[in-house]
Amino acid sequence: MNKIKLKIIKISSLVVLGTIALILLYNVCIFQFAFKPNFGRCKKERTVEHEIQFFCGEENYNIHMNDVKWFEEQKCPLIEITSQDGLKLKAFVLEPEKKAEATVLLMHGYYSGPVREFATISRFLHKNNYRVILPYQRAHGESEGKWATFGINERYDCLDWVNKINELYGEDKPVFVGGISMGCATITMASGLKMPQNVRGYIADCGFTSPYEICYWTMLKKMHIPRSIADLLIYSLNWQGTHFCNFPMNGYSTQKALSHADRPFIFITGSSDTTVPYEMTMSNYLQYKMIHPETRLLLVEGGEHAVSYLLKKDEYEKMVLDFIKTYK
């Protein structure tokens, strides 16, 4: 009888150890092959062919590259802040030729950069006598950081940049905050924080609602992962982000932020966006407009992700200029 008991204990122990080993192996694989490649520091290099496709054609790409060249010729200095969790973050400062009428802080998107996304918009704002501050988001470019957290921690960086702007230029000068894609989610989440009173409004271009929702949507709609597997993957990614990277993917959302926000907004999106579904922008817009009827929307019919400015330049510029002049 004792031999049977010992055998049962031995088999049970092996089963338990095997289960633990499989769980550990599963989590190591998820971290190495799913979490780290998608949330780790940006190292992405893009081909010219990719960029032409991203900018919706060679004509738009050439406009963009011409503006990149112009931006580089301005030789913009870098300024620096230290984030609340100790990272050194850097940003370009593009000064207008005359005295600045306002400062516009622009936050770029996921695995991108300030010049790639804002060279053309910055040139337009510069021409209209606005100072432009263009940070590298954490884990991108000149800024420190191991993990891109899709707005969860970046929202505090956005607040820190506003405080830096006020330190440099004065708390009585108007500031507007804008962002594209992940940068849009960043500034929308930041709107729920206690922002200085001189922040006059937000320009929110094609952002998602939360890291959890955009990752889950991507698994289901773009990667066509079966729902049961997607449920397991998103749970695992959220658990790892929460426990290892200070990044709870469901820890905050734009909807939560907008329930506390109190400044004017423009929401912008393209109806053919296949990277961040335009319904996420519409959800944010409709929620905020119920409380703030003056909220504005620019919906670019047929527009793809993050290129509304190039596709509807006149409408975009008119809306942004009118928004700034109204609230500055």
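# Close-up views of a predicted model

**View 1. Arg263 in its loop.** Arg263 sits in the loop between α9 (254-258) and β7. The model shown here is predicted. Arg263 is buried, because its relative accessible area of 9% falls under the 20% limit. Not counting residues up to four places away in sequence, Arg263 touches Met195, Pro196, Gln197, Val199, Arg200, Gly201, Tyr202 and Tyr288. One of these residues, Met195, lies 68 residues from Arg263 in sequence, with 9.6 Å between the two C-alpha atoms. Arg263 also forms a salt bridge with Asp262, in which the closest N and O atoms are 2.8 Å apart.

**View 2. The whole chain, for orientation.** The protein chain holds twelve helices and eight strands. The C-alpha trace spans about 95 × 45 × 40 Å along its principal axes. Of the 328 residues, 53% count as buried. Among contacts with a separation of 6 or more, 75% are between residues 24 or more positions apart. The accessible surface of the chain is about 16100 Å², and carbon and sulfur atoms account for 57% of this surface.

**View 3. A nonpolar patch on the surface.** Val16, Leu17, Ile20 and Leu24 make a nonpolar surface patch of about 380 Å². One of these residues, Leu17, belongs to helix α1 (residues 2-39). Leu17 counts as exposed because its relative accessibility is 55%, and the limit for exposed is over 50%. An α-helix has 3.6 residues a turn, so residues three or four places apart point the same way.

**View 4. Helix α8 and its cover.** Helix α8 (residues 227-244) has 18 residues. From first to last C-alpha the helix reaches 25 Å, close to the 26 Å expected at 1.5 Å a residue. Its buried residues are Ala230, Leu233, Ile234, Ser236, Leu237, Asn238, Gln240 and Gly241. The cover over the buried residues of α8 includes α1 and α7 (211-222). After α8 comes Asn246, which has a positive phi near 50°.

View 5. Leaving aside neighbours within four places in sequence, Leu125 is in contact with Val104, Leu106, Tyr130, Val132, Val320 and Ile324.

**View 6. Gly270 in strand β7.** Gly270 is part of strand β7 (residues 265-270). With a relative accessibility of 1%, Gly270 counts as buried. Leaving aside neighbours within four places in sequence, the contacts of Gly270 are Tyr278, Leu299, Val300, Gly303 and Ser308. Between the C-alpha atoms of Gly270 and Ala91 there are 28 Å, and along the chain the two are 179 residues apart.

**View 7. Asn284 in helix α10.** Helix α10 (residues 278-291) contains Asn284. Asn284 counts as buried, at 3% relative accessibility. Beyond neighbours within four places in sequence, Asn284 is in contact with Phe208, Thr209, Thr254, Gln255, Leu258 and Phe267.

**View 8. The salt bridge of Arg138 and Asp85.** Side chains of opposite charge can pair when their charged atoms come close. The count of salt bridges comes to 13. In one of them the side chains of Arg138 and Asp85 meet, at 2.9 Å from N to O. This pair links distant parts of the chain, 53 residues apart: Arg138 is in the loop between β4 (131-135) and α5 (154-169), and Asp85 is in the loop between β1 (78-82) and β2 (88-94). Arg138 is buried, with a relative accessible area of 5%, whereas Asp85 is partly exposed, at 43%.

**View 9. The salt bridge of Asp322 and Arg296.** Asp322 and Arg296 form a salt bridge whose closest N and O atoms are 2.6 Å apart. The pair joins distant parts of the chain, with Asp322 in helix α12 (residues 313-327) and Arg296 in strand β8 (residues 296-300), 26 residues apart. Asp322 is partly exposed, with a relative accessible area of 39%. Arg296 counts as buried, because its relative accessibility is 18% and the limit is under 20%. Elsewhere, salt bridges that share partners join Glu80, Lys88 and Lys90 into one network.

Note on methods: Residues numbered from 1 in each chain as written. Predicted model: local features only at pLDDT ≥ 70, side-chain atom pairs only at ≥ 80, totals over all residues. Heavy atoms only, no water. Patch = residues over 30% accessible without salt bridge, like charges linked within 9 Å, V, L, I, M, F, W, Y side chains within 5 Å. Areas by Shrake-Rupley, 256 points an atom, 1.4 Å probe, with all protein chains shown as cover. Salt bridge = Lys/Arg side-chain N within 4 Å of Asp/Glu carboxyl O. Helix = DSSP H or I, 4+ residues; strand = E, 2+ residues; numbered from the N terminus. Buried < 20%, exposed > 50% of the residue type's maximum accessible area, 1.4 Å probe, protein only. Expected span 1.5 Å × (residues − 1). Contact = heavy atoms within 4.5 Å.
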